[in-house]
Amino acid sequence: FICIGDMSHMLGQKSWETPIGAVAESSLDVLESIDTSYGDIAEFGGTGPDTSRINSEGTAYLRSNFPQLSYIRSAYPLDWPGDGEDAAPAG
């Protein structure tokens, strides 16, 4: 899931609440293209994926039950050069 703003005071206790990054302000328009029709995950009372089934059945469960699900295919740090390299360009 993606949070807008700092939610650290109430998130991070469950395995599905592990932050993996932040969306650069210059890329916020990308959020508009993410399909949200499934709503929240099952653990939060929504009709979205059940994280225990994701863990046990993997991508096959997601592809067969949530065909419109959006996936993150790539990500890179904007301000964290690795091994002496320049940071990736924004945008």
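I take a residue as buried under 20% relative accessible area, exposed over 50%, and partly exposed in between. By that rule I put Glu 57, at 39% relative accessibility, down as partly exposed. I note that the model is predicted.

**Entry: charges.** I looked for salt bridges and the count came to 1. The side chains of Glu 57 and Arg 53 form it, with 2.7 Å from N to O. I placed both residues in helix α1 (residues 51-57), where they are 4 residues apart, about one turn of the helix. Arg 53 has 33% relative accessibility, so I list Arg 53 as partly exposed.

**Entry: aromatic rings.** I searched the whole structure and found 2 aromatic pairs. I found both Tyr 38 and Phe 66 buried. The centres of the Tyr 61 and Phe 66 rings are 5.6 Å apart and their planes are at 80 degrees, so I record that pair as edge-to-face. Tyr 61 is buried at 5% relative accessibility, and Phe 66 is buried at 7%. I noted that ring pairs link Tyr 38, Tyr 61 and Phe 66 into a cluster.

**Entry: a charge over a ring.** I found the charged end of Arg 63 over the ring of Tyr 71, 5.1 Å from the ring centre.

**Entry: surface.** I found a nonpolar surface patch formed by Ile 2, Val 23, Leu 28 and Ile 34, with about 290 Å² of accessible area together. I looked up Leu 28 and found it in the segment before α1. Leu 28 has a relative accessible area of 39% and is partly exposed.

Definitions and conventions: Residues are numbered from 1 along each chain as its sequence is written. This is a predicted model: local features need pLDDT of at least 70, side-chain atom pairs count only at pLDDT 80 or more; totals for chains, interfaces and linings use all residues. Side-chain values use heavy atoms; hydrogens and water are left out. A salt bridge is a side-chain nitrogen of Lys or Arg within 4 Å of a carboxyl oxygen of Asp or Glu. Helices (H or I, at least four residues) and strands (E, at least two) are DSSP runs, numbered from the N terminus. Buried means under 20% relative accessible area, exposed over 50%, partly exposed in between (1.4 Å probe, protein chains only). Patches are made of residues with over 30% relative accessible area and no salt bridge: like charges are joined within 9 Å, nonpolar side chains (Val, Leu, Ile, Met, Phe, Trp, Tyr) within 5 Å. Accessible areas come from the Shrake-Rupley method with a 1.4 Å probe; for residues, only the protein chains shown count as cover. Rings of Phe, Tyr and Trp (its six-membered ring) pair if their centres lie within 6.5 Å; planes under 30 degrees apart count as stacked, over 60 as edge-to-face and the rest as tilted. A charge sits over a ring if NZ of Lys or CZ of Arg is within 6 Å of the ring centre and within 35 degrees of the ring normal.
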